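Subject: Model handover

Hi,

Here is the model for your files. My notes follow below it.

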Amino acid sequence: MNTTGTSRRQWLKDHSELGICVLLAALGVVVLVDAATIATDFTQRGPIGPKTVPFLVGGLLLVVAALLARDVLRGGRGSAEAGEDVDLDAPSDWRTVLLLTAAFLANAVLINIIGFPLSGMILFWGSAYALGSRNPVRDPLISAVLSVATYVVFDQLLGVPLPGGPLMGVL
């Protein structure tokens, strides 16, 4: 029996939060490297430029990663909330994950072809279906209202251009 491999595996399982630390640190490095490549305008006035906030966010990500790693290595563990009723021994629901992934991918593929209102409707309806709602009248209707309302708010009120697709002349 390989006790060294078993004990190492158990140690990694007991300290699995270190994976989040690595992810946060990697994200912090990516943000800092990306922030360093931001072009600054020589006519900029004042000490705060376009690099300030990304450098701050990247630095804070690294600090949080280090503090979390320190806490985990000292034996700290996240505890479940009192009202949390998640069964950690239950298997993952891969069907729901795959259905949600399909809804998001369909939105990404169709948004430039059929426009945001229709692809957003597919996204909202697919998400509701994946999460267990099965009303054949209410779900598509609410999805259509949410999608058109989101399109109008972003495209018309906030000035963020979204592809309208065939509904461009209607909305």
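Among contacts in the protein chain between residues at least 6 apart in sequence, what percentage join residues at least 24 apart? The share is 58%, where contact means heavy atoms within 4.5 Å.

Ground rules next. This is a predicted model, so local features need pLDDT of at least 70 and side-chain atom pairs count only at pLDDT 80 or more, while totals for chains, interfaces and linings use all residues. Residues are numbered from 1 along each chain as its sequence is written, and side-chain values use heavy atoms, with hydrogens and water left out.

**Whole chain**

The protein chain has 6 helices and 0 strands. Along the sequence the pattern reads α-α-α-α-α-α. Helices (H or I, at least four residues) and strands (E, at least two) are DSSP runs, numbered from the N terminus. Of the 171 residues, 20% count as buried (under 20% relative accessible area; exposed is over 50%, partly exposed in between; 1.4 Å probe, protein chains only). The accessible surface of the chain comes to about 12,400 Å². Carbon and sulfur atoms hold 69% of that surface. Areas come from the Shrake-Rupley method with a 1.4 Å probe.

**H2 and H3**

Helix H2 (residues 18–36) packs against helix H3 (residues 52–73) at an angle of about 160°. Their axes are 8 Å apart. Axes are lines fitted to C-alpha atoms over the stretch in contact, and angles run from 0 to 180 degrees between N-to-C directions. The angle makes H2 roughly antiparallel to H3 (over 145 degrees). H2 passes H3 in a left-handed crossing (the near helix is turned anticlockwise from the far one by less than a right angle). Residues in the contact include Leu 24, Gly 28 and Leu 32 of H2 and Phe 55, Gly 58 and Leu 62 of H3. The contact divides into 21 nonpolar, 3 polar and no charged residues. Ala, Val, Leu, Ile, Met, Phe, Trp, Tyr, Cys and Pro count as nonpolar, Asp, Glu, Lys and Arg as charged, and the others, Gly among them, as polar.

Gly 19 also sits in H2. Gly 19 is partly exposed, at 42% relative accessible area. The C-alpha atoms of Gly 19 and Ala 65 are separated by 9.9 Å. Along the chain, these two are 46 residues apart.

**H4 and H5**

Helix H4 (residues 94–114) and helix H5 (residues 116–130) pack at about 175°, with axes 8 Å apart. That makes H4 roughly antiparallel to H5. Among the contact residues are Arg 95, Leu 99 and Phe 104 of H4 and Phe 116, Ile 122 and Tyr 129 of H5.

Best wishes

Key:
Parallel < 35°, antiparallel > 145°, perpendicular 65-115°, else oblique.
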